[in-house]
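Please consult the sequence and structure shown below.

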Amino acid sequence: MSLKGRTLFITGASRGIGLAIALRAARDGANIAIAAKTDKPHPKLPGTIFTAAEEIRKAGGEALPLVVDVREEPQVKGAIEKTVARFGGLDIVVNNASAVQRTPVVDTELRRFDLMHQVNTRGTFLVSKYAIPHLEKRTIPTS
């Protein structure tokens, strides 16, 4: 199945797995909303929403870079609305943004636990909440 002309909203798409998913979809000619916090280069991690957009366009897709902290309801709601306004709808959501801490429970600070819970649970919930009404309006053939 081709993703040509389909619109994807991908959180955490400025680098890593999110960017890899975006680039694969871009090769089919998909529209990609890059929803991530990184609008300025990070000293230790590569990629911003703008460098991701450039890569997506080079791969054959359309890109909409959006600064989004998935924990913030107004930012999520606004980003979904901008995506729908720009591309005419929404077909696929990839809740890829995440926060992780690889330490034993007794060594994990509560502020880090709170961040993980807010990004991984609240963020996924918020994106889904505002995307579902738009997803329900679209159909994707299964073959």
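At roughly what angle do the axes of helix α1 and helix α2 cross? They cross at roughly 30 degrees and come within 8 Å. This is a predicted model, in which local features need pLDDT of at least 70 and side-chain atom pairs count only at pLDDT 80 or more, while totals for chains, interfaces and linings use all residues. Residues are numbered from 1 along each chain as its sequence is written, and side-chain values use heavy atoms, with hydrogens and water left out.

**Helix α1 with helix α2**
- Helix α1 covers residues 16-27 and helix α2 residues 49-59; helices are DSSP runs of H or I with at least four residues, strands are runs of E with at least two, and both are numbered from the N terminus.
- Axes are lines fitted to C-alpha atoms, for helices over the stretch in contact, and angles run from 0 to 180 degrees between N-to-C directions.
- The crossing angle makes α1 roughly parallel to α2 (angles under 35 degrees count as roughly parallel, over 145 as roughly antiparallel, 65 to 115 as roughly perpendicular and the rest as oblique).
- The contact (heavy atoms within 4.5 Å) involves L19, A22, L23, A26 and R27 of α1 and A52, E55, I56 and A59 of α2.
- Its residues comprise seven nonpolar, no polar and two charged; Ala, Val, Leu, Ile, Met, Phe, Trp, Tyr, Cys and Pro count as nonpolar, Asp, Glu, Lys and Arg as charged, and the others, Gly among them, as polar.

**Helix α3 with helix α4**
- The axes of α3 and α4 are 10 Å apart, and the two helices pack at about 35 degrees.
- From α3, the contact uses E73, V76, K77, I80 and V84; from α4, it uses R122, L126, V127, K129, Y130, A131 and H134.
- Seven nonpolar, one polar and four charged residues make up the contact of α3 with α4.

**Nonpolar cores**
- A nonpolar core is a set of buried Ala, Val, Leu, Ile, Met, Phe, Trp, Tyr and Cys residues joined through side-chain atoms within 4.5 Å.
- The largest such core has 20 residues, and F9, L66, V68, V76, I80 and L90 have the most contacts inside it.
- Two or more residues each come from β2 (31-36), β3 (62-67), α3 (73-87) and α4 (110-135).
- Helix α4 gives the largest share of this core, six residues.
- Another core, of 19 residues, lies apart from it and includes L8, L19, A36 and A63.

**Residue F9**
- F9 is in strand β1 (residues 7-11).
- F9 counts as buried because its relative accessibility is 0% (buried means under 20% relative accessible area, exposed over 50%, partly exposed in between, with a 1.4 Å probe and protein chains only).
- Not counting residues up to four places away in sequence, F9 touches residues including A33, L66, I80, L90 and V127.
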